[in-house]
Amino acid sequence: MIPLWWFLALAAAMFCLGIYGVLSRRNAIGILMGIELMLNAVILNLVAFWRYLNPSVISGQVFAIIVLAVAASEAAVGLALIISIYRRRGTVVAEDIDLLKW
Amino acid sequence: MTLLQIIFLVIAAVMLIGSFLVVTSRRLIHAGLWLILVMAGVAAMLVILEASFLAVVEVLVYIGAISILIIFAVMLTRRVMDDTGPQSTQLWWVAGLVSLLLFGGLLAVFARVPALLVTASELPADQATVLSDLGRSLVDANRFVLPFEVASILLLAAMVGAIFIARPETSVEGGEDE
């Protein structure tokens, strides 16, 4: 049987790679991809805890479903924002979108 | 080492290589395709964890919807930085340091918690009852009906907001400065 910490280590590695992507990408769509990686790691973590610690209580899976809904809406709104910015300013580079920076 | 462990290690290796290529590959469209591979790996992990419904939902929502959305966005904006200029910020090594530190910290925490060494407990019954319990708990007034409804309102608001934000500006009346 697979120990729980294998799943946790895998999810932690995915989460940290996602953080690296968010912090180091210049392209805004690349940043969103990093966020999707992090959310996937969170879902994996939640389901692993549900399965190993308390599988008779279904709340772990419900949490994962809620996270999934939030991820879907986040991706939709984020990509709409990026496309809107691209139409207005002709760029998707995160450091060029500095209208609110002083 | 059992067969299940070997399968886990193979899928985990594929997922980690895929995640690394998602955050480092130069062409963003390739990164999107690698993201699909990682999501398929997550779905396989959910199958190993015996969460069948979530595995199917992962394939439907992530592979079927979100990654297609991301690839569409990459295609719509691809003239901008396709292969020209660096894809990472100048301080990418700080980002790598931060994520490595976080990973080390998380592993150190895992090593200190003895509860994480547990093996999986038995599922209460066959998968069908787990699935029907999941479905019932989402519409049960005493359990998760409120988060469920809030999530659906959030999805509706996100859909309306996304349509409104990404609407083309051909029919904009006065007040815009462009």
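## A walk through chains A and B

Start by colouring chain B by its domain assignment, which gives domain 1 (1–79) and domain 2 (128–166); such bounds come from an automatic or database assignment. Between the centres of domain 1 and domain 2 of chain B, taken over C-alpha atoms, there are 24 Å. Before you go on: this is a predicted model, where local features need pLDDT of at least 70, side-chain atom pairs count only at pLDDT 80 or more, and totals for chains, interfaces and linings use all residues. Residues are numbered from 1 along each chain as its sequence is written, while chains are lettered from A and ligands numbered from 1 in the order in which they are written.

Switch to cartoon. Chain B shows six helices and zero strands, with helices being DSSP runs of H or I of at least four residues and strands runs of E of at least two, numbered from the N terminus.

Next, select the side of chain B that touches chain A. Here 71 residues of chain B are in contact with 62 residues of chain A (contact: C-beta atoms, placed from the backbone, within 7 Å). Helices α1 (3–24), α2 (28–48), α3 (52–76), α4 (92–112), α5 (127–139) and α6 (145–165) of chain B each supply at least two residues of that side.

Now hop to chain A and pick α2(A). This helix has 26 residues and reaches 38 Å from its first C-alpha to its last, close to the 38 Å expected at 1.5 Å a residue (1.5 Å times one less than the number of residues). Of its 26 residues, 21 are buried, so α2(A) is largely enclosed by the rest of the structure. Buried means that 20 or more other C-beta atoms lie within 10 Å of a residue's own; exposed means 12 or fewer, and partly exposed is in between, with C-beta atoms placed from the backbone.

Not counting residues up to four places away in sequence, Leu44(A) touches Phe7(A), Leu10(A), Ala11(A), Val42(B) and Met45(B).

Last stop: α6(B). Ala151(B), Ala158(B) and Ala162(B) are buried in this helix. Seen down the axis of α6(B), its buried residues fall within an arc of 25°, so they line one face of the helix; the arc is that of the directions from the helix axis to the C-beta atoms. What covers those buried residues includes α3 of chain A.

Terms used:
Two residues are in contact if their C-beta atoms, placed from the backbone, lie within 7 Å.
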